[in-house]
Amino acid sequence: MKFNDGFWLLKNGVKPFYGLQVTQIKPDDKGYDLQVATKPIRHRGDTLGGPVLSVRVHSPTQGVVGVKIEHFSHTQPFPTIPLFPNDQPIPDCVLTQSEFTHSIKTGGLSVEITQNPYTITFRSPTRVLTSAGYRHQALFDVPARWTIGTAANSSCLALDPASNPNPERLPETIRYIHSELNTSPGELIYGFGEQFGAFVKNGQAIKIWNQDGGTSSDQAYKCVPFYITNRNYGVFINHSGEVEVEVGSEKVSRVGVSIAGSTLEYFLIYGETPLEILEKYTRMTGRPASVPSWTFGLWLSTSFLTDYSSSTVSGFLEGMKQRDCPVRVFHLDCFWMKQYEWCSFTFDPENFPDPKAYLAKIKERYGVKICLWINPYISQLSPIFKEGVQGGFFIKRKDGTPWQWDLWQPGLAILDITNPIACRWYSDKLVALLDLGVDAFKTDFGERIPHASVLFHDGSDPMRMHNSYSVLYNELVFNLLKDRFGDGEAVVFARSSATGGQRFPVHWGGDCESTWEAMAETLRGCLSLTLSGFAFASHDIGGFEGHPDPEIYQRWVAFGLFSSHSRLHGSSSYRVPWQYGEDAAKSMSKFVDTKHRLMPYLYNLSINAHLHGHPLQRAMFLEFFEDRTTHYLDRQYMFGPSLLVAPVFVPKGEKSEYYIPEGCWHAFFNPERMIQGPRWVKEEVSLDEIPVWVRPGSIICMGPRGVGRPDYEYNKKLEIQIYEPLDATIDIPSGAGCAISGAIHVKRSPVVLKVQFDGDVEVVKITIFDGDIKITDATGGEMSNGVGVSVAVEPGCKEVVLNLESGQ
């Protein structure tokens, strides 16, 4: 929300109440409670009348300080964002005070409060991070005319007569609570969930309000009130409803946060590295569940508006098998049910007369898991609609009738996720599908949740429920799958989410066009999402809307198979590779096999995500924070700490451009090719390639070639690739939950390089890629020279020693 007309003036009719001075401060064991006057207090008479802000400054966990600003204090509206849902806070708080300041110190972060003028300054051990200066906190009484453009007020849910036939008039004046933090010269802001616009958010007005707007607009499916900076801190705004953020877009050197209400709370999170900040943030808001290893394989969809007949499905799976493009998950989109009946949770008998037998047949023949499309909307023409009405299972209008409209399905109503009986009713429908052989659900939609003139069963505030709904919906389905299949075996494929939704993976990027531009939008959305606490990210390979050019398709396939989860899906056309030429199928086969072989590395990243909240696809600055060039990069990423991936976004004949940080990097697919960074690379890339570079010092564990699936024993028949060797240790996962089978240790001295294997680990080959060292001989296996130096490891061997020429 913008309150100002320029810097000096307020918009016409806006009335401010700035927090000016602290009149009382009370310490406790975690922080301070402040009374902050909104006018100068010179004598007792000045205390009569006018708002007083109640401000709580405290540390809930190590390295984090919260600031809660309240005006009218009353019963807390809900739903709220659960804090520390699956990890405990780490108490660490020291309070000190001097003549002029009160301070909190926690985990390298210190906060200083001055009373008159009232300010809050956040410091690291070496510098000021940011500050809430004089008049940076305020209440604003805003004429309604300035609020009609908010995401909630301008939404189709508020303005469509079918959604809101009797709109309530806005109050003449709306009270906002507002807080600002300074941004320093050169400071960059990122995050806010899955945002598809410019990667660096400086200068943008961000709306934390989930909307179904595709990838080509300023709307987003997964809005998260969290941002991370390149100045060693992040900010989490603890509000589940609409949040408006001006990132240097009102006052160019401040981030302003506004909420229409009486309470605003934020937490400033300090970290020496961006990954440390994400680890602390996900401690507070939740870490992703462990996902099954089979989910990392190739997902193939029927597409949306296409033929779903059993002969078509079988033909596709057979074609993929013949072309060595093994499918691990087959997805049936909306039309597995009859048209107009979504959701009925009943297979269309015309296409699937015996669904249980049919699913069993393709699962046995092709080794696939089955995923079905669902959403929380129930069409009026669905045979279960009357059950929902009679049971009171839908969101209601204020007159007690179900909220309905015709967008998407005729007369659709929406499951009231706050009604336990309704949730049980809905879950029972899904259980019946699991009994038929279904393994996972694509939990689509959940963004257009009505907030105007509606009631929820448990009395939830509709404004807060709008974003929260997606998290609760995915939690319901995810937990149903977990109860059925066990811990580490549940997965949803979700489009919408909000803060905390990372606990219920996986999420994909929504409806994108089949263009170069949309492919870049998709990557920006992915990187913004994984900077906002989400560890996994997927997208519709080839784009959803339209039919991609074969060249775009092949480029997107390569990008998609170097994403955490890889799904072929479109709208009105198929995404099987031979529809784009047999060369596309050959390329896909290579990349699918590569992803399968990389599973010991990728699954280890998945465990790390579950334990620490670190994402798989990482913006470059997460790994190279000291390299300022990386702070702006949004067309390449790190796939874990070791692999740099630079998808190609230009047509044939144009050169792709990407950046290599410091060190000697090896091309993953052609490791004899080396580049010494830092430098920019500008080159034409063959259509069957994608630039992937290996970071110096990396150990990459590879499974066997042609394994044909992502789920296998990751500790057997391993090939270890060591690039520019340094002392390092990596864990080897078993592939079951978070279990670790053993570890690989690399130790280098001037004359010897040792590679040791602990635990239940079978290594068949070690290859060293280093342009500078010379290896004279090896023990523990037979050495050969080629691209790199390889050692075929003797069976049962637990250590390979490579002797180096002296002084290397």
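A charge is taken to sit over a ring if NZ of Lys or CZ of Arg is within 6 Å of the ring centre and within 35 degrees of the ring normal. By that criterion, in this predicted model, the charged end of R628 sits over the ring of F625, 5.5 Å from its centre. A second case of this kind involves R495, whose charged end lies over the ring of F445 at 4.4 Å from the ring centre.

**Aromatic pairs**

The model holds 53 aromatic pairs. A pair of aromatic rings is described by the distance of the centres and the angle of the planes, and two of the pairs are set out below in those terms.

| Pair | Centre to centre | Angle between planes | Class |
|---|---|---|---|
| Y18 and F140 | 5.8 Å | 90° | edge-to-face |
| F624 and W665 | 5.8 Å | 45° | tilted |

The pair of Y18 and F140 links distant parts of the chain, since Y18 belongs to strand β3 (residues 15–18) and F140 to strand β13 (residues 137–143), 122 residues apart. Y18 is buried because its relative accessible area is 13%, which falls under the 20% limit, and F140 is likewise buried, with a relative accessible area of 2%. The tilted pair of F624 and W665 also links distant parts of the chain, with F624 in the loop between α12 (620–623) and β33 (637–639) and W665 in strand β35 (residues 656–667), 41 residues apart. Both F624 and W665 are buried.

How does the end-to-end distance of helix α6 agree with its number of residues? The helix runs over residues 420–436, and at 1.5 Å a residue its 17 residues should span 24 Å; the end C-alpha atoms are 25 Å apart, which agrees with that expectation.

At the start of α6, a side-chain oxygen of N419 comes to within 3.0 Å of the backbone nitrogen of I421, while just after the helix G437 adopts a positive phi of about 115°. The buried residues of α6 are A422, C423, W425, Y426, S427, L430, L433 and L434, and these pack against β24 (369–374), α5 (385–391), β28 (440–443) and α7 (462–485).

T418 lies in the loop between β27 (413–414) and α6, and it counts as buried at 12% relative accessibility. The side chain of T418 makes a polar contact with the side chain of D416 at 2.6 Å, and the T418 side chain also reaches the backbone nitrogen of H457 at 3.2 Å. Not counting residues up to four places away in sequence, T418 touches F456, H457, D458, S460 and M465.

**Nonpolar cores and buried residues**

Which residues touch the most other members of the largest nonpolar core? In that core, which has 159 residues, they are W336, F441 and M588. The element that gives the most to this core is α7, with nine residues. Apart from it lies another core, of 44 residues, among them A132, L139, I177 and I206.

Leaving aside neighbours within four places in sequence, M588 is in contact with L298, M320, C325, Y553, V557, L561, L568 and P577. With residues up to four places away in sequence not counted, Y553 touches G542, P548, L568, R575, V576, P577, Y580, A584 and M588. The C-alpha atoms of Y553 and E279, which are 274 residues apart along the chain, are separated by 35 Å.

A further buried site is S290, with a relative accessible area of 9%, in the loop between α2 (274–285) and β22 (298–301). Neighbours within four places in sequence aside, S290 is in contact with G488, A490, Y603, H610 and G737.

Conventions. Residues are numbered from 1 along each chain as its sequence is written. This is a predicted model: local features need pLDDT of at least 70, side-chain atom pairs count only at pLDDT 80 or more; totals for chains, interfaces and linings use all residues. Side-chain values use heavy atoms; hydrogens and water are left out. Helices (H or I, at least four residues) and strands (E, at least two) are DSSP runs, numbered from the N terminus. The expected span of a helix is 1.5 Å times one less than its number of residues. Buried means under 20% relative accessible area, exposed over 50%, partly exposed in between (1.4 Å probe, protein chains only). Contact means heavy atoms within 4.5 Å. A polar contact is a pair of N or O atoms within 3.5 Å; within protein, one must be able to donate a hydrogen and the other to accept it, and residues adjacent in sequence count only if both atoms are side-chain atoms. Rings of Phe, Tyr and Trp (its six-membered ring) pair if their centres lie within 6.5 Å; planes under 30 degrees apart count as stacked, over 60 as edge-to-face and the rest as tilted. A nonpolar core is a set of buried Ala, Val, Leu, Ile, Met, Phe, Trp, Tyr and Cys residues joined through side-chain atoms within 4.5 Å.
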